[in-house]
Amino acid sequence: HFPGVTFYEDPNQQGSRPPCLFLQQRYARIALTPSGRYLRTVGLDLTYLADYNRPDLQRVYQQAAEVLDENLETFPYSDGENTGLIRAYDRDWRIDLDALHYKFELRVFVAPEDTGTPMEDIEKTTITIKTTIKGE
């Protein structure tokens, strides 16, 4: 969708030249939901830089924003084990003097690591207490 555009991990990489894209995390938060699951929200800013001296720079950025709108509602994601679609929320874009900023959020339910069942934990604690008391 963006032929000839280089994607950089870090906006300060040496030798980065437009046209290029950067993806930066702007914030993250986690909240406990009434269902007992945790919702992680990550705010991202996809920044597109084109040659600042282009006479059609505004049009180029508007076209890029339209392509991103069409393609970022959901997109493929893999964590190395599982693959699926992830949805982008609160998508919003604006054009600054020198760049297009396409901002969006990812919202993913996460679970703390399972450390065992509560009943097993209680039984282990009871056994440890009885052993300590008898061993005195």
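This is a predicted model: local features need pLDDT of at least 70, side-chain atom pairs count only at pLDDT 80 or more; totals for chains, interfaces and linings use all residues.
I began with ring against ring, and a search of the whole structure turned up three aromatic pairs (rings of Phe, Tyr and Trp, the last by its six-membered ring, pair if their centres lie within 6.5 Å; planes under 30 degrees apart count as stacked, over 60 as edge-to-face and the rest as tilted).

Residues are numbered from 1 along each chain as its sequence is written, and side-chain values use heavy atoms, with hydrogens and water left out.

For the chain as a whole, I read two helices and six strands, and from the N terminus on they run β-β-β-α-β-β-β-α; helices (H or I, at least four residues) and strands (E, at least two) are DSSP runs, numbered from the N terminus. Buried residues make up 24% of the 136 residues in the protein chain. The chain exposes about 10200 Å², of which carbon and sulfur atoms supply 52%, the areas coming from the Shrake-Rupley method with a 1.4 Å probe, and for residues only the protein chains shown count as cover. I also looked up contacts, meaning heavy atoms within 4.5 Å: among those between residues at least 6 apart in sequence, 45% join residues at least 24 apart.

Next I turned to R91, which is found in strand β5 and counts as partly exposed because its relative accessibility is 31%.

D90 counts as exposed, since its relative accessibility is 53%.

Side chains of opposite charge can pair when their charged atoms come close. I searched the whole structure for salt bridges and found nine, each being a side-chain nitrogen of Lys or Arg within 4 Å of a carboxyl oxygen of Asp or Glu. D90 belongs to a network of salt bridges that links it with R29, E105 and R107.

D56 has salt bridges to two arginines: the one with R54 is 2.9 Å, N to O, and the one with R59 is 2.6 Å, N to O. R54 is partly exposed, at 37% relative accessibility, and R59 is partly exposed too, at 42%.

R87 forms a further salt bridge, with E73, the closest N and O atoms being 3.2 Å apart. Which parts of the chain does this pair link? R87 lies in strand β5 (residues 83-95), and E73 lies in the loop between α1 (57-71) and β4 (74-78), 14 residues apart.

I looked separately for a charge over a ring, which requires NZ of Lys or CZ of Arg within 6 Å of the ring centre and within 35 degrees of the ring normal. The charged end of R37 sits over the ring of F109, 3.7 Å from its centre.

On the surface, I30, L32 and Y38 form a nonpolar patch, with about 280 Å² of accessible area together; patches are made of residues with over 30% relative accessible area and no salt bridge, like charges being joined within 9 Å and nonpolar side chains (Val, Leu, Ile, Met, Phe, Trp, Tyr) within 5 Å. L32 lies in strand β2 (residues 20-32) and counts as exposed, at 55% relative accessibility.

Last, I looked up the backbone at P18 and P19, where a cis peptide bond joins the two residues with omega about 0°. P19 is found in the loop between β1 (6-8) and β2.

Methods. Buried means under 20% relative accessible area, exposed over 50%, partly exposed in between (1.4 Å probe, protein chains only).
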